[in-house]
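Hi,

Here is the structure I promised to pass on. Have a look at it first, and my notes follow below.

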Amino acid sequence: MTTFLPHDLLWIDRCETLPVDAPDWACNALRQGNPVVVRRASCEVDQVAVGVRGLSREHRYAAVVPKSAVLRHVSPEQLSLATAAVWPALQALRLLEPVLNASGLVWGVGGSAGFELATGIRALHQDSDLDLILRTPEPLDRQQAAQLLQQLQTPLCRVDAQLQTPWGGVALSEWASAARRVLLKANEGARLVSDPWQPLEYAA
């Protein structure tokens, strides 16, 4: 059974996969061929939790769809800046690419920037953040996190980088801070932990 990760983009074969009470705009988004984004939530092994996005920030709809309905799958790290960097977030991405590549981490683009790069549909605006997904299957120490956070600072826009551990996601800015505990976002919900890579702590 295929495994999909949070922030992955999925193209669904039919709008009938959405619940019968799904809003019209969500069904129209699927009919137009727009992808959905994988979100964190518990569901059956043959299903995947997704979010549908519309043209406005108010248009966000959470659903669960069968994995068998997925036609195409694109992960954040498969996206590249192939279009003109018109918006500050994309200009920041172009500026930070060498830093990200030098980090040694597998990384990708999420949020509005990832959606626009994957679809060509306008999702960004002048004040959009740049959302980055950093794959960290092995622990990243706090000093390294602080150094990376500093390197990712840019006056172009706010950069929101999230570390994806085997147990969930944690903000790079939190892990780079002096906070004793950080917020780990997992399928089962969010909780404060002192080590996002420690499964025993998470299971406790």
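**What I found inside**

Leu130 touches Ala89, Ala92, Leu93, Leu96, Val109, Ala113, Cys157, Arg158, Val159 and Asp160, leaving aside residues up to four places away in sequence. Bear in mind that this is a predicted model.

Leu130 is also one of the residues that touch the most other members of the largest nonpolar core, which has 32 residues; Leu93, Leu132, Leu134, Leu152, Leu163 and Leu172 are the others. Several elements give two or more residues to this core: helix 2 (88-102), helix 3 (111-119), helix 4 (142-151) and helix 5, along with strand 6 (106-110), strand 7 (130-135), strand 8 (159-165) and strand 10 (182-186). Helix 2 gives the most, with six residues. There is a second, separate core too: that one has 20 residues, including Leu18, Cys27, Ala29 and Ala63.

Now for the rings. The count comes to one aromatic pair. Trp175 and Trp197 have ring centres 5.3 Å apart and planes at 65°, so the pair is edge-to-face, since planes over 60 degrees apart count that way. The two partners are 22 residues apart and link distant parts of the chain: Trp175 sits in helix 5 (residues 172-175), Trp197 in the loop between strand 11 (189-193) and helix 6 (199-203). Trp175 is buried, at 7% relative accessible area, and Trp197 is buried as well, at 9%.

Two arginines are worth a look while you have the model open. Arg53 lies over the face of Phe115, 4.8 Å from the ring centre, and Arg72 lies over the face of Trp11, at 4.2 Å from the ring centre.

Cheers

Note on methods
Residues are numbered from 1 along each chain as its sequence is written. This is a predicted model: local features need pLDDT of at least 70, side-chain atom pairs count only at pLDDT 80 or more; totals for chains, interfaces and linings use all residues. Side-chain values use heavy atoms; hydrogens and water are left out. Rings of Phe, Tyr and Trp (its six-membered ring) pair if their centres lie within 6.5 Å; planes under 30 degrees apart count as stacked, over 60 as edge-to-face and the rest as tilted. Helices (H or I, at least four residues) and strands (E, at least two) are DSSP runs, numbered from the N terminus. Buried means under 20% relative accessible area, exposed over 50%, partly exposed in between (1.4 Å probe, protein chains only). A charge sits over a ring if NZ of Lys or CZ of Arg is within 6 Å of the ring centre and within 35 degrees of the ring normal. A nonpolar core is a set of buried Ala, Val, Leu, Ile, Met, Phe, Trp, Tyr and Cys residues joined through side-chain atoms within 4.5 Å. Contact means heavy atoms within 4.5 Å.
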